[in-house]
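Let's walk through this one together, a question at a time.

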Amino acid sequence: MAHIPDGFLSAPVAATTLVTAGALTAYAAKRAQTRLDDRAAPTLGLATAAIFAAQAVNFPVAAGTSGHLLGGVLVAVVFGPWAGYLVMTAVLIAQALLFADGGLTALGANVLNIAAAGALVGYGIYRTLTALAGDGARRRGLAAAAAAYLSAVLTGAAAGLELGLSGVAPTGLSLGAMASVHALIGLPEGVITGLAVWALARKRADLLFQPQAASTGGLTGAAVLAGLGVVAILAGLLSILASAAPDGLERVAIDLGFAEAASSWEAAPFSDYQAWLPGTAGTLVAIVLGIALLFAGVAATARALARARAARNG
Amino acid sequence: MGFAHLDRYADRPSWLSRRTTPEQRLWIALGAAFAAGLMPPGAWRALAALALIVALGAWTARLPAGALARRVAHAIPFFLLPALALPLSVPGPAAVELGPLAFSEPGLTKAAEIVLRATLAVSAVTVVISVTRAADLLSALDALPLPRLVKSSLALGYRYVYVLNDELERTGRALRSRLGRAPVSRRWQARAVTLAHVLLRAHVRGSRIHAAMLSRGYRDGFPTLRPASTLSPFWTVAIVTLLAAVWLAGLIEVSI
């Protein structure tokens, strides 16, 4: 389950990942635009179509099950890390909206787990390995295979961490389970990516992404640093959340406590708790007022958005 | 391959499609996914209310129940399988014991809750998206605060995915007919070469489109002839408010 569906993540985790992914996407768009200029739109559009088409091809994994390529490292090696990140993000948005593959509330998490781990961190690993081992076709293929495999494991670990922090299961357990499942899923991903990059490097090495001559080391550093930065920011934010929110195991107990409180409240309608609540009429008024306020808020936001759009188009 | 099957119910007149534009429906889909997906654990009554709203929405969209069920069922394995692991992995008192397997009570509750939330979110999004054409939906994405490059990637990706998919199928067919009884390693290599080939084609096609765009005076973004809608956003605002209210009710339900 590389794509996290709706209903698994808690509100704080969903919000944190959405905001982080949004900021990263804005930065990536800037980087890709500067690098590709007016070639950006057609290049990225066709790369998106290619990854979409490639993901439709299933290959056998084990015991009759089949999987498909994620392709983050492959697209980054051909089109560059920032372009690859944007392509993977576009693919994830289309999958969530059109095919209900991956949730809309989990979109931020899925973008970080799949697009950032694959195209940014994966490309950083690939670049570092080729810088160390040289860039013959075979070495590039091996570096890409290793990068694709490692980034798939990272995808699983990140998803496991997010699920754990959401209180779905104890963090250690979900982290271990997801990482080990992806250590298996990552094998075909690594093999296919490695063979494809090897074939490309042999036949048309000129088409593979070349870091700009002026900043040969700089871009590698930037990609690796960006990946590490995202991981660090996420780890920091999530650890704050984790210390504020109870740990998975305690969380379950509290949920159970909630359940008990709710049932005892129903069983004893004349308890002190009940007497403290306002009467039925008061509750009704509060509900009506609350809904009116909400309606006003949503309407105001909608109007502001429409006005901003009109201003932009006009 | 095509998106035609996605647009099968898009042109049916219905209460929902008459009163909302594709762009407004996108906001409703987002609202529903957030209300269902982020419903706090333990808010059973709010979840039930949300299920009622989604069912009502499916009715107003005039979607055949079978079609809706088929589309939702397609997404169910994605969340059912991981949810099924929870009763076995979340610690707690066992509710059911089957030989060596102990299904813990908190695990069962959690799994039921997650499956309910996920089913509701998927159903709501499926209802709203089913009555909207994929092309309209993509142009409605303009309203979202996404970088222009992501939007143009989605639009061009939608336009060219058929072209590249045909290429992939043709290459794949040619390879299969030549491979015969080739060993497994050879087959994997063939798969990889097919993928490399498609990426190459994407590269070449992209440069051709770029040249064509320049020769036609391309300057940032795609000009569209989308008529401005005069439809009032009243119903959209009402539906999103209702969804937000149910989500807040869920928050209140678990905190008292």
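Q: How many residues does the contact take from chain B and from chain A?
A: Keep in mind that this is a predicted model. Each side of the contact can be counted separately: chain B gives 70 residues, and chain A gives 70 residues.

Q: Which helix gives the largest share of the side of chain B that touches chain A?
A: Several elements of chain B give two or more residues to this side, including helix 2 (22-37), helix 6 (105-130), helix 8 (148-179) and helix 9 (184-215). The largest share is 17 residues, and they come from helix 9 of chain B.

Q: Does R45(B) count as buried, partly exposed or exposed, and why?
A: R45(B) sits in helix 3 of chain B, which spans residues 44-60. Buried would take 20 or more neighbours and exposed 12 or fewer. Because R45(B) has 13 C-beta neighbours inside 10 Å, it counts as partly exposed.

Q: How far apart in space are R45(B) and A249(B)?
A: In sequence, R45(B) and A249(B) are 204 residues apart. Taken C-alpha to C-alpha, their separation in space is 8.9 Å.

Q: Which pattern does chain A follow along the sequence?
A: Chain A contains 11 helices and 2 strands. Read along the sequence, they follow α-α-β-β-α-α-α-α-α-α-α-α-α.

Terms used: Residues numbered from 1 in each chain as written. Chains lettered and ligands numbered in written order. Predicted model: local features only at pLDDT ≥ 70, side-chain atom pairs only at ≥ 80, totals over all residues. Helix = DSSP H or I, 4+ residues; strand = E, 2+ residues; numbered from the N terminus. Contact = placed C-beta atoms within 7 Å.
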